[in-house]
2 protein chains.
Amino acid sequence: MTEKAPSFGLLLFPNVTQLDLTGPYEVLARVPGARVHLLWKTLDPVRSDTGLTILPTATLAKAPPLDLILVPGGGGINALLTDEEVLTFLEERAGSTGYLAGICTGSLVLGAAGLLDGKRAGTHWASRDFLSAFGAIPVAQRVVVDGTLFTGGGVTAGIDVALRIVGDLFGEDAAKLVQLSIEYDPRPPFDAGSPAEAGERVTADLLARMTPMLEARAAAVAAGAEALRRRRAGRAE
Amino acid sequence: MTEKAPSFGLLLFPNVTQLDLTGPYEVLARVPGARVHLLWKTLDPVRSDTGLTILPTATLAKAPPLDLILVPGGGGINALLTDEEVLTFLEERAGSTGYLAGICTGSLVLGAAGLLDGKRAGTHWASRDFLSAFGAIPVAQRVVVDGTLFTGGGVTAGIDVALRIVGDLFGEDAAKLVQLSIEYDPRPPFDAGSPAEAGERVTADLLARMTPMLEARAAAVAAGAEALRRRRAGRAE
């Protein structure tokens, strides 16, 4: 992959958590010569779950050959778990795409596309239990590598995952150049990046706020897992 | 500010480094009730320095009252250092806006607007020497707080700065809720986030690649400082 300009495809869907996408985008776009494509069904502007609106650059139907497909997470993944167009795209492209990445709950979309069977995978801590519905082995790590599959924890983990991808694909020096250029020397002003650090009270408060979303996700995961089972059963007949 | 819905304004300009903006955006937008406005001269889509294209939500002329104005950095700041419309907006609004923030080289734009005189400020490590041209006191820290002025280091420092802002404005628990929701428990896979960590070879390599941009910036900073001096002299007459 180092001999030609790399081509990265990031899925951009309604109600994506934009930092799941924009963190890795910044890292990947700084690889010399890289083309980063933002892929969706149409080229209409796509609104993230906090309102920030981004323009896709290519449709799924016309996506160029890709060296990496990255799926970010966010509230909008629930709809993707049973979205035939998106899941078919991922499934069909997975074989010809060198690397797959799922950031935050984007991992679950890879799962619904049947791409996590027996694979070690990470996701946002509050959604980690959903991974097993798609046959994945949940791993509580910020960056999880299983062969050419890269997944990770919630939202900001995308920066760590993307740097790891750049390191694996182009060497440690390439990753360090990117890291230094974005001055990625994090110094969180508080210790609350995981449930263990945040403590029981803050974690319980956040989970209470997330309950409606997590309940909807549980239903979407069940539907996605059932749809995957039916697709596979249909093929086996 | 905790008694009404907070209103945050982020400057969105051509050739912005998108993660300078999207990192803080994700943090600020998760404050309950917050409105985050993306401000530019027009509502046309704005292309970042790596291609990712974002839609503004309000023009400078029609920006609502704001509790915070945040200026991200990137190659595009060079043009802003002598941009009368932008600098006048910042200067006129500064008095009625509770908090100002400059992320990465966005600090230099605040400087060109005459808002850093005698203030402690940070910016991207490779542009730190430019701060003094605008009367600021350069500080080599990831998050720099001087009264109601928040600045910081390069690109990814915006996440740390924004969490600090949320903590100062809404209390530590509010910041911790956001931090846990975005699982901000960074684990960089390499140690290269600062010149000291990256080492001489990687730092020299990056600086060599940045030389044309830094030379253009030096000229833009000189022009911006001269324009600021002339505006002030004009008023003093």
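This is a predicted model: local features need pLDDT of at least 70, side-chain atom pairs count only at pLDDT 80 or more; totals for chains, interfaces and linings use all residues.
**Entry 1. Annotated domain**

I began with the record. UniProt, in an unreviewed entry, lists residues 10-166 of chain A as "domain: DJ-1/PfpI". I then took the secondary structure over that range and found 28% helix and 22% strand.

**Entry 2. Relation of the chains**

**Entry 3. Extent of the interface**

I noted that 63 residues of chain A and 63 residues of chain B take part in the contact. The buried area between the chains is about 5500 Å², and carbon and sulfur atoms give 64% of that area. Three residues, A:Leu180, A:Glu183 and A:Phe190, supply 15% of the area that chain A buries against chain B, more than any other three residues.

For the polar part, I recorded 39 residue pairs in polar contact between chain A and chain B, both residues being at pLDDT 80 or more. On the side of chain A that touches chain B, the elements giving two or more residues are H1, strand S4 (53-54), H5, H6 and H7. H7(A) gives the largest share of that side, with nine residues.

I counted two salt bridges between the chains. I looked up the one between B:Asp173 and A:Arg201, in which the closest N and O atoms are 2.6 Å apart.

**Entry 4. Helix H6 in both chains**

I asked how many of the 10 residues of helix H6 (residues 172-181) of chain A are buried. Seven are, so the helix is largely enclosed by the rest of the structure. The buried residues are A:Ala175, A:Lys176, A:Leu177, A:Val178, A:Gln179, A:Leu180 and A:Ser181. They pack against helix H1 (18-29) and helix H5 (157-170) of chain A, and also against helix H7 (195-236) of chain B. Just after H6(A), I found A:Glu183 with a positive phi of about 45°.

I then checked H6 of chain B, where seven of the 10 residues are buried and the helix is mostly covered. The covering elements include helix H7 (195-236) of chain A, together with H1 and H5 of chain B. B:Glu183 follows H6(B) and has a positive phi, near 45°.

**Entry 5. B:Thr156**

Lastly, I examined B:Thr156, which lies in the loop between strand S11 (149-152) and helix H5 (157-170) of chain B. Is this residue buried or exposed? B:Thr156 has a relative accessible area of 2%, and the cut-off for buried is under 20%, so B:Thr156 is buried.

I listed what B:Thr156 touches, leaving out residues up to four places away in sequence. From chain A these are A:Ile182, A:Glu183, A:Tyr184 and A:Asp185, and from chain B they are B:Leu19 and B:Arg142. With B:Arg142, I noted a polar contact between the two side chains at 2.9 Å.

Technical notes. Residues are numbered from 1 along each chain as its sequence is written. Chains are lettered from A and ligands numbered from 1 in the order in which they are written. Side-chain values use heavy atoms; hydrogens and water are left out. UniProt positions are given in the numbering used here, feature names are shortened, and annotations may be inferred rather than shown by experiment. Helices (H or I, at least four residues) and strands (E, at least two) are DSSP runs, numbered from the N terminus. Buried means under 20% relative accessible area, exposed over 50%, partly exposed in between (1.4 Å probe, protein chains only). Contact means heavy atoms within 4.5 Å. A polar contact is a pair of N or O atoms within 3.5 Å; within protein, one must be able to donate a hydrogen and the other to accept it, and residues adjacent in sequence count only if both atoms are side-chain atoms. Buried area is the accessible area (1.4 Å probe) that two parts lose on being put together, summed over both. A salt bridge is a side-chain nitrogen of Lys or Arg within 4 Å of a carboxyl oxygen of Asp or Glu.
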